[in-house]
Amino acid sequence: MTDKTILRALKGEVLPTPPVWMMRQAGRYLPEYRATRAKAGDFLSLCYTPELAAEVTLQPIRRYGFDAAILFADILLLPQALGADLWFVTGEGPRLSTITGADDFAKLKTKDDIHETLNPVYETVSILSEELPKETTLIGFAGAPWTVATYMIAGRGTKDQGPAHALKAEDRETFVKIIDLLTVSTIEYLSKQVEAGAEVVKIFDSWAGSLKGQDFEDFAVEPARKIIAEMKARYPGLPVIAFPREAGKGYIGFHQKTGADCVALDNSVTPEWGAEHVQVSGCVQGNLASSHMVTGGQALIDETRHVVQAFSKGPHIFNLGHGITPDADPENVALMVETIRNG
């Protein structure tokens, strides 16, 4: 039996103190991260230099003793490996060459061609599996097909994912081909992470909430189900966390529909609602508002206790409802961890 608390929670165990990690825990809010990124020169160089990517993954573990480390990478490395041009604009975020129809899709590579680009990521996982403390769980991850597709179609992040919705309506055949390619490629990408040492994988569907009705079933639920089924067939016992952000009522039944061991909740739902409607089906992860990492104080302590209490009757991994922001105060993170562990 494992003594790693996150693996225990993922198996359905109810622990007296929930394990904790944070989305984007390696990031710009930490001075040591900023120093390492400066050494790398730019964001993509940081992602593709295994020693430096491993270093920034380890930094929050050294500082806070989180129960898990998540591989430092980016969800857009996969489309780059499939042949999309990728670059980052300082202060604005990622940019990609766009896919606007069948001709653009035809230029993409296959799932078997991605590893040449992504080998440094697997090397990072391998380094981490050696260097992490023995009690710390190593989480690998990928973006969900819908979310990654929205960037590939628009060439950037958009508020309403409008370009992806438009292609879905106007050229559904090409849109479905993009989703299918991303689904099979994600399986290969996550498989290599597991083979390199990842103990858990997480699927981030950051824009799941903009899919409604049958589209949510077809393009958020079904790709996740396919990925999880194949990963579990290849690696029996592998735990999978799914995060269909802002799914609302779509969170209900997501464990059963996809086979996920844990469903991560954003903070648009209350912990009480999550416990009643989602935790009844299995482990949940979440869901403190990341704004508390900026503002701190008694409100942070009170809300942290509130989340812990609300989820205390079932399996729970404490996390934020979204990634920590660059303006967060590292001292507030320490206060959150202390509150979880010491009440």
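**Aromatic pairs and a binding site**

Phe43 counts as buried because its relative accessibility is 10%; buried means under 20% relative accessible area, exposed over 50%, and partly exposed in between, with a 1.4 Å probe and protein chains only. The model is predicted, so local features need pLDDT of at least 70 and side-chain atom pairs count only at pLDDT 80 or more, while totals for chains, interfaces and linings use all residues. Residues are numbered from 1 along each chain as its sequence is written, and side-chain values use heavy atoms, with hydrogens and water left out.

A search of the whole structure finds 10 aromatic pairs. Rings of Phe, Tyr and Trp (its six-membered ring) pair if their centres lie within 6.5 Å; planes under 30 degrees apart count as stacked, over 60 as edge-to-face and the rest as tilted. Phe43 and Phe72 make an edge-to-face pair, at 5.8 Å centre to centre with 70° between the planes. Phe43 lies in helix H3 (residues 43–47) and Phe72 in the loop between E1 and H5, so the pair ties together parts that are 29 residues apart in sequence. Helices (H or I, at least four residues) and strands (E, at least two) are DSSP runs, numbered from the N terminus. Phe72 is buried, at 8% relative accessibility. Tyr33, Phe43, Phe72 and Phe88 form one aromatic cluster.

The rings of Phe175 and Phe219 form another pair, which is edge-to-face because the planes stand at 90°, with centres 4.9 Å apart. This pair links distant parts of the chain, with Phe175 in helix H10 (residues 172–196) and Phe219 in helix H11 (residues 214–234), 44 residues apart. Phe175 is buried at 0% relative accessibility, and Phe219 is buried with a relative accessible area of 6%.

An unreviewed UniProt entry places the feature "binding site" at Arg24, Gln25, Ala26, Gly27, Arg28, Asp74, Tyr151, Ser206 and His322. These residues are spread over 299 residues of sequence and also in space, up to 22.8 Å between C-alpha atoms.

Two of the annotated positions can be followed further. Ala26 is in the loop between helix H1 (5–10) and helix H2 (31–40), and is buried at 15% relative accessibility. Leaving aside residues up to four places away in sequence, Ala26 touches Tyr33, Val56, Thr57, Pro60 and Phe72, where contact means heavy atoms within 4.5 Å. Asp74 is in the loop between strand E1 (68–70) and helix H5 (77–81), and is buried at 16% relative accessibility. With residues up to four places away in sequence not counted, Asp74 touches Phe43, Cys47, Phe88 and Phe141.

Notes:
UniProt positions renumbered as here; feature names shortened; annotations may be inferred.
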